[in-house]
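Try each task yourself, then read the steps below it.

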Amino acid sequence: MTVERDVETSESGMGTPDRGLPRLAFGIERLGLVSLRVPYLLAIVFVILGIGAVFGLQRLKVDDSLSQLFRSNTPQFHQYEAVTRDFPSSEYDVLVVIQGSQLLERDALEKVRDLVTDLQLVDGTRGIISLFSARQPPENGQIPPPLFPDPLPEGQAYQDLVAKVRSNDLIQGKLLSADGQLALIVLALKPDVASSQHSGAIVKEIRDTMTKDLEGTNLKAQLAGVPVMQLEIHDSVERDRVIYNAIGFIAGCLIAILFFRRISFMLVAAAPPLVAILLAIGTLGWLDFRLNIFLNVMTPLIMVISFSDSMQLTFAIRDRLIGGASKPNAIKGALAVVGPACVLTHATAMVSFVALLFSDSDLIRTFGEAGLITTAIALVTVLVLLPLLAVLLVRGEAKLAASAPTADGGINVLRNFCRWIAERMVSHPGLYSLIGLIVVIILSGIYLNLQPRYRLADQVPNNEQAVTANGSLDKKLTGANPVDILIEIPQGEDLYSPTTLATIAAVQQTVATQPGVGNVFSLQTLRDWLAQKLGKNDVDTLKQYVGFLPKPLVRRYISEDQRAVLVSGRIPDIDASRLLPTVDELDKRLDAVRAEHKTYGIAVTGLAVIAARNSASMIERLSRGLTIEIVFVAAFIGLAFRSWVVMLLSILPGIFPIVASGTLLYFMGEGLQFASVVALTVSFGLGLSATIHFLNRLRLEERPGESPGLSVERATILVGPALILTSVVLACGLAVTAFSNLPMLRLFGWLSAFAMMAALTADLLILRPTAMYLRGLFGSSRSKI
């Protein structure tokens with residue numbers, strides 16, 4: 001019998017699963033048969049569930065806190081949490097950057113002071129630091145007057161004041177640039193209003209205040225800082241996600257209609273994944289999950305796995321209807337043949353999520369929990385809803401069967417292409433398998449050289465002012481990101497004891513001489529300044545002057561109970577791969593201070609440090625876990641098929657899209673970012689689904705005494721068109737995000753599209769010849785199952 005006739009037999013539904021084969025899914029796929037018995041009741045149930053999911057979506061909250069993003073069960077993070085309790089965290093600072101050549105002119109400076117005064121009245125603020133926070137040196141034990149008197153002097157007296165300001169070590173290079181053309185105002189927000197969900201109104205009020213108070217000057221005011229960046233990222237993600245998801249969905253629907261030639265089949269294929277997303281995300285809302293950079297990936301991940309299974313089921317139902325089967329029999333046959341692979345695809349994805357539950361990162365564990373829940377919901381939705389929609393929407397089966405030979409041109413083109421590929425892959429399976437293995441080994445070597453990268457500014461839209469403001473701070477004030485050295489004072493010592501002051505001085509000296517760190521400030525900075533201005537270095541003068549300073553400024557460096565102090569420096573907003581060596585070198589140099597002052601706790605911390613350390617380790621763990629996970633997933637698939645040959649078959653196609661995408665990133669100089677790992681995870685889901693569907697179909701197409709190549713060709717022709725169409729639709733849907741102005745979304749879009757096409761390439765050009773070669777080497781996989 002020819003391959004063509006065999007394919008027609010399988011399409012028509014006359015080729016049924018061999019009852020001698022063990023069940024892959026223990027009959028779970030039969031859950032879909034409920035739709036044939038009580039379709040209208042199930043339709044009502046799905047409507048009710050959908051309404052409930054909508055309410056769940058409204059409960060869903062966004063947690064874009066960076067400290068929560070990098071939360072982990074490590075001493076370093078627990079120490080950072082302690083620091084944020086005792087000191088105001090830079091995570092909640094809005095940085096107001098004011099620039100202009102006329103900044104220190106009298107009228108302009110008066111306007112800036114008015115702005116500082118008005119910013120203190122903004123709701124949700126808890127303190128402000130600016131050059132107007134500075135005071136003059138104390139005289140005769142009196143309260144030192146502000147450095148900037150009110151009103152400002154005029155004439156030569158004002159010029160003398162400007163000279164004094166520009167030579168003030170407490171301001172120069174910290175709140176005022178050396179050229180006198182940039183001033184920094186640090187506005188601390190309350191933690192409960194600093195998230196993007198609440199900060200929008202506050203940031204708008206700050207911008208309105210800047211516009212009003214600086215009107216009539218040539219000064220340029222911009223906002224930076226973590227809350228502003230998070231807000232700009234959040235707004236762009238929400239806007240771009242709606243626009244590009246809509247464009248991608250429309251493009252996918254048009255492609256599906258082009259090939260199916262019926263809107264009903266397009267709805268049958270596309271609706272279950274969309275409903276699965278609604279139900280899954282709604283459930284996360286009811287369970288009080290918080291959306292973050294990782295949970296946002298649930299939408300494309302569910303779409304990829306569910307849409308792949310949905311397309312395979314739709315193709316199977318349609319083929320059987322064209323072959324003359326009745327609608328109930330077509331649905332039953334599709335569930336019997338394709339259903340087990342759908343169950344195994346989702347079950348394998350769930351196993352991979354279970355592995356994440358053992359991570360020491362709260363973020364990764366939460367991702368694993370959410371993935372486990374949403375994958376289970378997606379499986380039930382596809383198995384039950386797709387047959388239900390087929391029952392309710394598909395009409396005119398006889399007309400479909402009669403018109404198929406002339407109207408099925410698009411599908412036939414795909415089948416002919418799959419036949420052409422299969423014939424060539426099975427002609428020299430050993431050669432093509434060897435080539436595939438060598439390519440994967442080479443690409444894996446390149447992939448292992450990828451370095452983790454994270455930089456908050458890289459997540460911000462290109463056209464937003466926070467990036468420009470950060471660049472100005474990096475250029476003129478050595479950076480916007482603080483690196484803090486926490487000094488914990490032991491029992492028996494106090495803040496102003498000689499040993500404590502000596503420890504602070506030693507730490508200050510170490511930090512100040514560290515390349516890459518600037519703008520260092522601590523209690524020692526104040527002490528040195530007083531010694532320079534007054535010629536006094538005694539503790540009483542220092543203690544008295546600290547008491548005169550504004551409380552928000554003091555609390556930046558001295559805890560309220562005076563049992564801990566910070567030595568704080570500034571670093572540019574650079575990539576984690578460049579920041580970590582600086583942090584590690586500084587930490588190592590501080591060992592000498594630790595050895596001399598053994599009773600004092602000295603640790604390098606701060607948001608930038610935690611973000612650099614944890615982002616690098618998290619990306620490395622996720623990347624390493626993804627590649628190792630493929631081996632465990634392959635073992636699980638082999639166990640499900642009762643075949644170690646199948647286990648070996650699953651490895652190369654799973655690894656190829658990951659290492660191919662990583663190689664592309666390497667040569668583009670991109671490194672491995674969070675968006676990269678997310679894109680690779682999504683493509684892994686598609687490759688996993690394609691491999692399982694092919695292997696499932698292959699075992700059903702094997703026939704005793706027949707050449708192995710014929711079953712490989714039949715399986716390819718039957719599964720290939722749905723796989724190709726799935727890959728093209730999803731790649732088109734995701735590729736449109738490459739036009740976003742959000743770097744993170746752009747990277748995710750084009751890399752996901754590339755990885756999906758790489759997964760398709762691996763399935764057609766690696767899995768097929770490898771299957772043929774191993775089956776020829778070890779005999780039919782049927783005997784191994």
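**Exercise 1.** Find where D86, E488, E560 and D561 gather, and work out how exposed D86 is.

Step 1. D86, E488, E560 and D561 come together on the surface as a patch of negative charge. Patch members have over 30% relative accessible area and no salt bridge, and like charges are joined within 9 Å. A salt bridge here is a side-chain nitrogen of Lys or Arg within 4 Å of a carboxyl oxygen of Asp or Glu. Asp and Glu count as negative, with each charge placed at CG of Asp or CD of Glu.

Step 2. Look for D86 in helix α5, residues 75-86. Helices are DSSP runs of H or I with at least four residues, strands are E runs of at least two, and both are numbered from the N terminus.

Step 3. D86 counts as partly exposed because its relative accessibility is 38%. Buried means under 20%, exposed over 50%, and partly exposed in between (1.4 Å probe, protein chains only).

A word on the model: it is predicted, so local features need pLDDT of at least 70, side-chain atom pairs need 80 or more, and totals for chains, interfaces and linings use all residues. Numbering starts from 1 along each chain as its sequence is written, and side-chain values use heavy atoms, without hydrogens and water.

**Exercise 2.** Describe the protein as a whole.

Step 1. Count 29 helices and ten strands.

Step 2. Of the 785 residues, 59% are buried.

How values were computed:
Patches are made of residues with over 30% relative accessible area and no salt bridge: like charges are joined within 9 Å, nonpolar side chains (Val, Leu, Ile, Met, Phe, Trp, Tyr) within 5 Å. Accessible areas come from the Shrake-Rupley method with a 1.4 Å probe; for residues, only the protein chains shown count as cover.
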